[in-house]
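Welcome to this guided tour! Please open your viewer, and we will go from stop to stop, selecting a few residues each time.

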Amino acid sequence: MTETFDLVVIGSGAAAQSVASRCRTTGWTVAMVDKRPFGGTCALRGCDPKKVLVGAAAAIDAARLLSGKGVRPDNVAIDWTELIRFKRTFTDPHPENLKAQLARAGIVTFQKTARFVGAAQVAVGDTLLHAARAIVVAAGSRPADLPIDGREHLLTSDQFLDLPSLPTSIAFVGGGYISFEFAHVAARAGAHVTILHRDARPLAEFDPGLVDRLTARTRVLGVDVRVETEVRAIQRIEGGYHVTANGRDGAVALDTDLVVHGAGRVPDLDDLALDVGGIRYSPGGVQVNQYLQSVSNPLVYAAGDCADTDGPALTPVAAYEGRIVATNLLEGNHVMPDYEAIPSVVFTLPPLARVGLREDEARANSLSFVAHHDDTSNWYSSRRLGEAFSAFNVLVEQGSGRIVGAHLLGPHADETINLFTLAMRAGVTADRFKQMIWAYPTHGSDTAYMV
């Protein structure tokens, strides 16, 4: 059976919803296809459920940091089974609720694998979808394939978020944000946690000095962070797994109850048969022009984690790219994405945040700047919470006074970074930033002393 729609959208996350809803509002007929439950990574197996777990860990952390300062944390603990049950109150209803919402809007949904069978045709099961105006690929990402013997034993981040009970010991492969965030949760829930990272420094996209502080904080928490340690094999043994790796001082062996994949994600394009659709792609995703249109098939656009752009793989960026694609479809190609000053956060405790350039990036761009940096563990905002690991590094361009980079580690850095983002996007100079009158005492009021 063949069905014709103005627009066929592959994926159902932030990018897909942005495009589909906008085009449908203007009267286009729209089909949305996803091989997984509707909602995308962020809502079902990423940002949102992760933050529920982080919230529980934050309660434990706050009590422990104030031990001896008026709080008795002895009987505060995470009940993992109950926490996962609470998490599911957010994730379990979402797919059907979203499908119902889409149906009310007149968007037809197909929960099946999509596969290109022509430049304008996508097969979903026994149904052939013909796109009269456009196809948007917004299929998201998946865990990267790792060259590890026994990699089939790796648990994905999706599966970690659904563990019915927490094992005694967990090893995370890779030193990215997934490993650090989950490690902070699992350690505060009582697990013995190890992070195995092949390079000399984890979290490579973030400020090196702040990463060092966060790594130290992570070790104080009890997490065994091992750098320059490349996992080579995972073997199933009685009661768990045996992990072997090449360390900087020789071979490394580790027995653990669970091994979790935290070594990065890649565009989820393998099932789509892009070649059949005449769609060029690279390891970074569907190759697109400045308007997010396929460079080889003008009927196709791409947005989000599966598009090969300069934008970081973040949910707000996916939604933003989806809005741009919708505008270009409806009004003709004229809007290009602007990736300047996009904030990113590692939701550890405390969180690590950045927006704009690191020092090395600013130098590579031949910028003349002053780096304002300090340890803020003795500042009131950290001391009152008992946090001993907090700092900042803010880059201000000489002459113009522009804030070109902001890097924060400490309580509520995930919220405070948005103030710097707003300033950078709006062109607020450091001098004007200092003149702001902030509510006090707040973490926002600290920012005047950071520029």
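A disulfide is a pair of cysteine sulfur atoms within 2.5 Å. Keep that in mind for the first stop, and remember throughout that this is a predicted model.

**Stop 1: the cysteines**

Select Cys 42 and Cys 47 and show their side chains. A disulfide joins these two residues, with 2.4 Å from S to S. By the rule above, the count comes to one disulfide. Now look along the S-S bond: is it left-handed or right-handed? The torsion about the S-S bond of Cys 42 and Cys 47 is about -140°, so this disulfide is left-handed.

Cys 42 has 18% relative accessibility, so it counts as buried, because the cut-off for buried is under 20%. Cys 47, at 29% relative accessibility, counts as partly exposed.

Next, select Cys 23, which is in no disulfide: the nearest cysteine sulfur belongs to Cys 306 and is 16 Å away. Cys 23 is buried, with a relative accessible area of 0%. Go on to Cys 306, which is also in no disulfide; its nearest cysteine sulfur is that of Cys 42, 16 Å away. At 0% relative accessibility, Cys 306 counts as buried.

**Stop 2**

Select residues 230-237, 240-247 and 250-256. Here you have an open sheet of three strands in the order E11-E12-E13, with antiparallel pairing. Which strands are at the edges? They are E11 (230-237) and E13 (250-256), each of which pairs on one side only. From one strand to the next, the twist averages 20°.

Zoom in on E11 and E12: seven bridges join these antiparallel strands. For one example, pick Val 231, whose bridge partner in E12 is Ala 245.

**Stop 3: helix H12**

Select residues 413-426, the 14 residues of helix H12. At 1.5 Å a residue, this helix should span 20 Å, and its end C-alpha atoms are 20 Å apart, which agrees.

Now colour the buried residues of H12: Ala 413, Asp 414, Thr 416, Ile 417, Phe 420, Thr 421, Ala 423 and Met 424. They cover an arc of only 165° around the axis, which puts them on the same side of H12. Turn to the other side of H12 to find Glu 415, Leu 422 and Ala 426, which are exposed.

Key:
Residues are numbered from 1 along each chain as its sequence is written. This is a predicted model: local features need pLDDT of at least 70, side-chain atom pairs count only at pLDDT 80 or more; totals for chains, interfaces and linings use all residues. Side-chain values use heavy atoms; hydrogens and water are left out. Helices (H or I, at least four residues) and strands (E, at least two) are DSSP runs, numbered from the N terminus. The expected span of a helix is 1.5 Å times one less than its number of residues. Buried means under 20% relative accessible area, exposed over 50%, partly exposed in between (1.4 Å probe, protein chains only). The arc is that of the directions from the helix axis to the C-beta atoms. Two strands pair if DSSP finds at least two bridges between them. Axes are lines fitted to C-alpha atoms, for helices over the stretch in contact, and angles run from 0 to 180 degrees between N-to-C directions.
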